[in-house]
Amino acid sequence: MKARPLVLLGAPVQEGARQLGCDMGPSAFHAAGLAAALRRLGHQVIDCGNITPAPLRTITHRNGAIASLPEIVAWTEAITDATYDAGAIGIPIVCGGDHSIAAGTLSGLSRRAAEIGCDLFVLWLDAHPDFHTLDSTTSGNLHGVPVAYATGQPGFADVFPPLIVPLRPENICMMGIRSVDPAEREALAGTGITIYDMRKIDEHGVAPLLDGFLQRVNAANGILHVSLDVDFLDPGIAPGVGTTVSGGVTFREAHLIMEKLHDSGLVTSLDLVELNPFLDERGRTARLLVDLVASLMGWSVLGRPTRNIDHIAQAQCWTRVALGRDEDDVLLLTPPR
Ligand SMILES: [Mn+2]
């Protein structure tokens, strides 16, 4: 089976974070040569440009701390639809934007996964679990809620867009966590979300932790979404983010994760979030992110050729779609000329 195209989507959202500037993220990824780097690896890249938010509606909430609720709801609506559609064409790479965009990517991709009869798994690479509800957030910044929304935690109905297919918490693995609010800690307990905080990484190393998770995805014949927050990385190597937390993942750990993800062949979509070019140093963080995505998509120092990013599980999923749907749908599975 032919490698599926990479579908670039820009989600210039900054209203989910306190520090403005993430709306310049998609431009910075473009300037840092993301599409060109992926094409050099032999991938077909379809650049869909930026997503447009849905029309704003008046939406209020009893939690007065919440900022920019109508804006984030409008973005979530549009990003859900865009990633759902892009998932049918190829591998969506959504360039944020702050992490609130994951409310849309997770819900859109969950819906797509359910439709093709696959279980969606999520590798959440972040300093924060982003597991606040609309009631528990005290900062009011909605980049702190996407995982709670996408897993169907209480309080989002009638405020956020209806969640068609909730993501199963047991299918989420968080790595790099080192900043958790008390309300989040309480809410996370008993959810079944796997959390590998920095101490776990220090004690075991990223490789065995990631291997265990990837084996689970593989065993379930699942597909894997990766949500990469810049603050997953140590601020020493990635300063271009508004929410730096010391003690993050190193350059080599990050590349190793990406290389292993590539080897697994399981990744079917990716978020790149919280890049804030306003805070970056001469494009340094944007370039690092591009290099990491290249690692994920097959680049290696030894010049190992890009292998077919389809894997058996995925092929089975897509074959199932091809067999179960009419001819028009099947056509979507072949890369556009
Ligand atoms: Mn985050």
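Two strands count as paired if DSSP finds at least two bridges between them. With that in hand, here's a quick tour of this predicted model. The sheet is an open one of 8 parallel-paired strands, and the largest nonpolar core has 98 residues.

**The sheet**
- Reading across, the strand order goes S2-S1-S3-S8-S7-S4-S5-S6.
- Strand S2 (45-50) and strand S6 (194-197) sit at the edges with a single partner strand each, so one side of each has no neighbour in the sheet.
- On average, neighbouring strands are turned by 15° against each other, direction ignored.
- Strand S4 (residues 120-125) and strand S5 (residues 172-177) run parallel and are joined by 4 bridges; in one of these pairings, Val122 has Ile172 in S5 as its bridge partner.
- Helix H4 (residues 101-115) packs on the sheet, where it touches S1, S3, S4, S7 and S8. The direction of H4 makes about 170° with that of S8.

**The nonpolar core**
- Leu9, Phe29, Ile93, Leu123, Leu272, Leu289 and Val293 are the residues that touch the most other members of the core.
- Helix H3 (residues 69-89) supplies the largest share of the core, with 9 residues.
- Leaving aside residues up to four places away in sequence, Leu9 touches Cys48, Ile51, Ala82, Ala86, Pro92, Val94 and Cys95.

**The H9/H10 pair**
- Helix H9 (residues 251-264) packs against helix H10 (residues 284-296) at about 30°, with the axes 7 Å apart.
- Angles under 35 degrees count as roughly parallel, so that's what H9 and H10 are to each other.
- On the H9 side, the contact uses Ala254, His255, Met258, Glu259, Leu261 and His262; H10 brings Leu292, Ser295 and Leu296.
- By type, the contact residues are 5 nonpolar, 3 polar and 1 charged.

Conventions: Residues numbered from 1 in each chain as written. Predicted model: local features only at pLDDT ≥ 70, side-chain atom pairs only at ≥ 80, totals over all residues. Axes fitted to C-alpha atoms, helices over the stretch in contact; angles between N-to-C directions. Helix = DSSP H or I, 4+ residues; strand = E, 2+ residues; numbered from the N terminus. Parallel < 35°, antiparallel > 145°, perpendicular 65-115°, else oblique. Contact = placed C-beta atoms within 7 Å. Nonpolar A, V, L, I, M, F, W, Y, C, P; charged D, E, K, R; others polar. Core = buried A, V, L, I, M, F, W, Y, C linked by C-beta atoms within 7 Å. Buried ≥ 20, exposed ≤ 12 C-beta atoms within 10 Å, placed from the backbone.
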